[in-house]
Amino acid sequence: MQTAMHTDTEGCVRAVRSKDARFDGWFFTAVLTTRIYCRPSCPVVPPKPENMIFYPSAAACQQAGFRACKRCRPDTSPGSPEWNQRADLTARAMRLIADGVVDREGVPGLAARLGYSTRQIERQLLAEVGAGPLALARAQRAQTARLLIETTPLPMADIAFAAGFSSVRTFNDTVREVFALSPSELRARRPPEDRSAGTPGGAPALRLPFRAPLNPDNLFGHLAATAVPGVEEWRDGAYRRTLRLPHGHGIVALTPAPDHIDCRLTLTDLRDLTVAISRCRRLLDLDADPTAVDDQLRTDPLLAPLVDKAPGRRVPRTVDEAEFAVRAVLGQQVSTAAARTHAARLVTAHGDPVEDPEGGLTHLFPSTEALAEVDPDTLAMPRTRRATLTTLVRHLADGSLVLGVETDRADTRARLLALPGFGPWTADIIAMRALGDPDAFLPTDLGVRRAARDLGLPSTPAALTARAAAWRPWRAYAVQYLWATDSHPINFLPA
């Protein structure tokens, strides 16, 4: 078990006294005298150290009887970077809970996905996060309810069921307990930035927080440059794409701002709001800790100038792991433009059509079940890559290969390498962008090798891998800095 930050009392007190926003989401401060919990950067005068107690999650604070601060709104802080960085049982469980699995499948479903008993899951989460899976899911439902109350004009009864509550009474009781306000009072005092209410049809306008700094160039540049026509587009300064969700589908528009990401969601079923937000945060790597990443990479004198020039680079990830794996195969040994062309053909022929009144999105990316039924002879690509693709989608469709937030990264990488046509580059790009491995590395990538050569780093895969050992556990972020030395469109926000 890893040492949790909330157990370092002196360090937590220093962070609270300095109001350091970098630690928002890492831990929460509960005040014994007021029975309120806050984020470390709360603007109020810090309490006396003897009146502070620290918890690893908002759910743990709520379970201990503390209410959310009305000033700093701790329930809206960025998520802990631990759950994306780590690959152990607790981290995998936290990622699944954020994806709404407990609400959809219950604690037994969560345990089944992880391959453990419900008792083991509950014991592990209580030990590390201070709350069990039900309490964590309840805290998430409360946050979803708050978002809908503050950003849409929906009736409270609709919000209750959209947020995942089983009854309006449970919704009312939970909101009062967590926020010390009734749902109506919460809507009446919503902050000005949240008053741009969405439509009754379900298009809330949200502000996704992150830890500064965040460099949007390679993040949005990569997504825009590799966008599959019909599924993704860059329009009016926003990256837009379709989403395949548990209860329906959606369209999201994500726009970078100096201190947050503007997120506008249009959903066919509002029960998918929590899942959609979680997947958008994962897509943009918003729960990363850029200070920890950049400090480590700066220890290499050849990387330090790249970090100092444009700190805060994130790893562009995905909203659908299986989709990205298919696209990675389509992109083997071809240009970005050719990969987009191959993917667009699949989308047009086999994707589910959607309506987009605001832009040019036309389809959901094809499901693996639909792709598994495609006649291989109709695929316009070399025979070996065709075999690689059909084998991949067959394994994904029958469940013998699972790509998701719950998967063991090392085991999944090994399973990918065992498939025909899968070399280290394909397995590692999937590990980096689909599985979210912060330490995935691409020593055979031509862009990485070219940047290494120009910087004076070793350019052969073996020698570069040896040098990159000093960058661990953040080698995926080092790849972003190396790629950024090139003039490829992935490194720049579109005009």
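Student: How many aromatic pairs does a search of the whole structure find?
Tutor: Seven. Keep in mind that this is a predicted model.

Student: Take Tyr55 and Phe66. What kind of aromatic pair do they form?
Tutor: A tilted one, with 55° between the planes and 6.0 Å from centre to centre.

Student: Which parts of the chain does that pair tie together?
Tutor: Tyr55 is in strand S3 (residues 52-55), while Phe66 is in the loop between helix H2 (58-63) and strand S4 (67-68), so the pair links parts 11 residues apart in sequence.

Student: Are Tyr55 and Phe66 buried or exposed?
Tutor: Both are buried. Phe66 also has a charge over its ring: the charged end of Arg35 sits there, 3.9 Å from the ring centre.

Student: Where does the charged end of Arg141 sit?
Tutor: Over the ring of Phe165, 5.7 Å from its centre.

Student: Back to ring pairs. Why is the pair of Trp474 and Tyr477 edge-to-face?
Tutor: Because the planes of the two rings are at 75°, and over 60 counts as edge-to-face. The ring centres are 5.9 Å apart. Trp474 and Tyr477 are both buried.

Student: Now sheets. In what order do the strands of the four-strand sheet come?
Tutor: S3-S1-S2-S4, in an open sheet with mixed pairing. S3 and S4 are the edge strands, each pairing on one side only.

Student: How many bridges join S1 to S3?
Tutor: Four; strand S1 (residues 28-31) and S3 run antiparallel. Within this pairing, Thr29 has Phe54 in S3 as its bridge partner.

Student: And which helix packs on that sheet?
Tutor: Helix H1 (residues 9-18), which touches S1 and S3. The direction of H1 makes about 105° with that of S3.

Student: What about the five-strand sheet, what's the order there?
Tutor: S5-S9-S8-S7-S6, again an open sheet, with antiparallel pairing.

Student: Why is one side of S5 and of S6 left without a neighbour?
Tutor: Strand S5 (205-208) and strand S6 (232-235) are at the edges and have a single partner strand each, so one side of each has no neighbour in the sheet. From one strand to the next, the twist averages 25°.

Student: What joins S5 to S9?
Tutor: Four bridges, with S5 and strand S9 (residues 261-267) running antiparallel. Leu208 stands opposite Ile261 in S9.

Student: Which strands does helix H12 touch?
Tutor: H12 (residues 273-283) packs on the sheet and touches S5, S7 (238-245), S8 (248-256) and S9. The direction of H12 makes about 130° with that of S7.

Terms used. Residues are numbered from 1 along each chain as its sequence is written. This is a predicted model: local features need pLDDT of at least 70, side-chain atom pairs count only at pLDDT 80 or more; totals for chains, interfaces and linings use all residues. Side-chain values use heavy atoms; hydrogens and water are left out. Two strands pair if DSSP finds at least two bridges between them. Helices (H or I, at least four residues) and strands (E, at least two) are DSSP runs, numbered from the N terminus. Axes are lines fitted to C-alpha atoms, for helices over the stretch in contact, and angles run from 0 to 180 degrees between N-to-C directions. Contact means heavy atoms within 4.5 Å. Rings of Phe, Tyr and Trp (its six-membered ring) pair if their centres lie within 6.5 Å; planes under 30 degrees apart count as stacked, over 60 as edge-to-face and the rest as tilted. Buried means under 20% relative accessible area, exposed over 50%, partly exposed in between (1.4 Å probe, protein chains only). A charge sits over a ring if NZ of Lys or CZ of Arg is within 6 Å of the ring centre and within 35 degrees of the ring normal.
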